[in-house]
Amino acid sequence: MPYLTEPEPERGLATEVAPGIRRIVAGNPGLMTYHGTNTYLIETGEGVVVLDPGPDDTAHVAAILAATRGRIASILLSHTHSDHLGALPALQAQSGASTFAFHRSADPAFQPDVPLRDGDRVAGLIAIHTPGHAGDHLCFARPDGVVFSADHVMTWSSSVVSPPGGDMAAYFQSLRRMLKREDRLLLPGHGPPLPNPAPYIRELLENRIKREDAIAQALREGPYRPHDLVDRLYSQTHPWLRQAAERNVLAHLIKLRSEGRATQLDQSWTMGSSLGDG
Ligand SMILES: [Zn+2]
């Protein structure tokens, strides 16, 4: 995959990534987060909108408040993973802004002030329900072809799809949906901006299809546990990356089962359908 890289961003600074859009990269670098979570400050007719407050980090909240002079029209949330949601309570307490997020929150401890559904409009942006990485995942699109893809499409890495919150069948559908949109510029939740994202998204989808076919093929010699399939199909050795790969494999297996291409036998999986039509 032609994944993108960028130098480590200057911490605590809001820098312009597109007309009317600034980005602050939170100080939570890691194997799953790249340089950190991207918090976007979007100029709208209603004032500055914050998309994804980021992790629970006092310095990051202070940076957002400084860059917006504390005047935040509203706070949008792409999904309820802690590296996007963690700073929300502090940011909301200090700005008084309302939160907008998908109406079925995947985090029982969080409910948005304004629940969003697919196609809803907020501050000139359109919410696009894109389950797969997370059941409550939203992308947001500006009418001029800028799309905030959060963790649905990241530019520095593929996304982890970890059941039960992650759903590979939904992820495939959501990728196909993004492909149809013909956006001009993609701004992800982690990693640098990507102009003309369609070829990249197409390649992400093709890689997932190849991976899934390889899993289905391997099951002919099974049964295997997800762990065994990672040994066979992945070159990763870092324990965290192996664990992420194992979650992705499990998500593929569940999708294959729903299509009658795999059967679960206790902890391991084999080819075919338990319905007897293989
Ligand atoms: Zn996430």
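Modeller: Gladly. Domain bounds here come from an automatic or database domain assignment. For the protein chain, that assignment gives domain 1 (15-196) and domain 2 (209-271). Please keep in mind that this is a predicted model.

Colleague: How far apart are the C-alpha centres of domain 1 and domain 2, and which residues make the contact?

Modeller: The C-alpha centres of the two domains lie 30 Å apart. Domain 1 puts 10 residues into the contact and domain 2 puts in 12. The side of domain 1 that touches domain 2 divides into 7 nonpolar, 2 polar and 1 charged.

Colleague: What does the radius of gyration of the protein chain say when set against a compact globule?

Modeller: A compact globule of 278 residues would have a radius of gyration near 19 Å, and the chain has 19 Å, so the value agrees with the rule. Along the principal axes, the C-alpha atoms fill a box of roughly 60 × 35 × 35 Å. Of the 278 residues, 43% count as buried. Among contacts with a separation of 6 or more, 60% come from residues 24 or more positions apart.

Colleague: Which secondary structure elements does the protein chain have, and how do 6 of the strands form an open sheet?

Modeller: The chain has 7 helices and 15 strands. The open sheet runs in the order β8-β9-β10-β11-β12-β13, with mixed pairing.

Colleague: What makes β8 and β13 the edge strands?

Modeller: Each of them, β8 (121-122) and β13 (194-195), pairs on one side only. Within the sheet, β9 (residues 125-129) and β10 (residues 138-142) run antiparallel and are joined by 4 bridges.

Colleague: Why is strand β4 described as largely enclosed?

Modeller: A residue is buried if 20 or more other C-beta atoms lie within 10 Å of its own. In β4 (residues 47-51), 4 of the 5 residues are buried, so the strand is largely enclosed by the rest of the structure. β4 is joined to β3 by 5 bridges in the antiparallel sense, and Y40 has L51 in β4 as its bridge partner. A hairpin of 2 residues connects β3 to β4. With strand β5 (residues 74-76), β4 pairs in the parallel sense over 3 bridges, and V49 stands opposite S74.

Colleague: How do you know that the length of helix α7 agrees with its number of residues?

Modeller: At 1.5 Å a residue, the 20 residues of α7 (residues 239-258) should span 28 Å; the end C-alpha atoms are 29 Å apart, so the two values agree. Its buried residues include A244, L250, H252 and L256. The buried residues of α7 pack against α4 (168-179), α5 (198-218), α6 (226-233), β14 (262-265) and β15 (268-271). Just after the helix, G260 takes a positive phi of about 75 degrees.

Colleague: Why does L175 count as partly exposed?

Modeller: Buried needs 20 or more C-beta neighbours and exposed needs 12 or fewer. L175 has 19 inside 10 Å, so it falls in between and counts as partly exposed. L175 sits in helix α4. Leaving aside neighbours within four places in sequence, L175 is in contact with I201, L204 and L205. L175 and T130 are 45 residues apart in sequence, yet 8.0 Å apart C-alpha to C-alpha.

Colleague: What makes the bond between P163 and P164 a cis peptide bond, and where is P164 found?

Modeller: Omega is about 5 degrees for that cis bond, and P164 is found in the loop between β11 (146-150) and α4. A cis peptide bond also joins G222 and P223, with omega about 5 degrees. P223 lies in the loop between α5 and α6.

Technical notes: Residues are numbered from 1 along each chain as its sequence is written. This is a predicted model: local features need pLDDT of at least 70, side-chain atom pairs count only at pLDDT 80 or more; totals for chains, interfaces and linings use all residues. Two strands pair if DSSP finds at least two bridges between them. Two residues are in contact if their C-beta atoms, placed from the backbone, lie within 7 Å. Ala, Val, Leu, Ile, Met, Phe, Trp, Tyr, Cys and Pro count as nonpolar, Asp, Glu, Lys and Arg as charged, and the others, Gly among them, as polar. The radius of gyration is taken over C-alpha atoms; the globule rule is 2.2 Å times the number of residues to the power 0.38. The expected span of a helix is 1.5 Å times one less than its number of residues.
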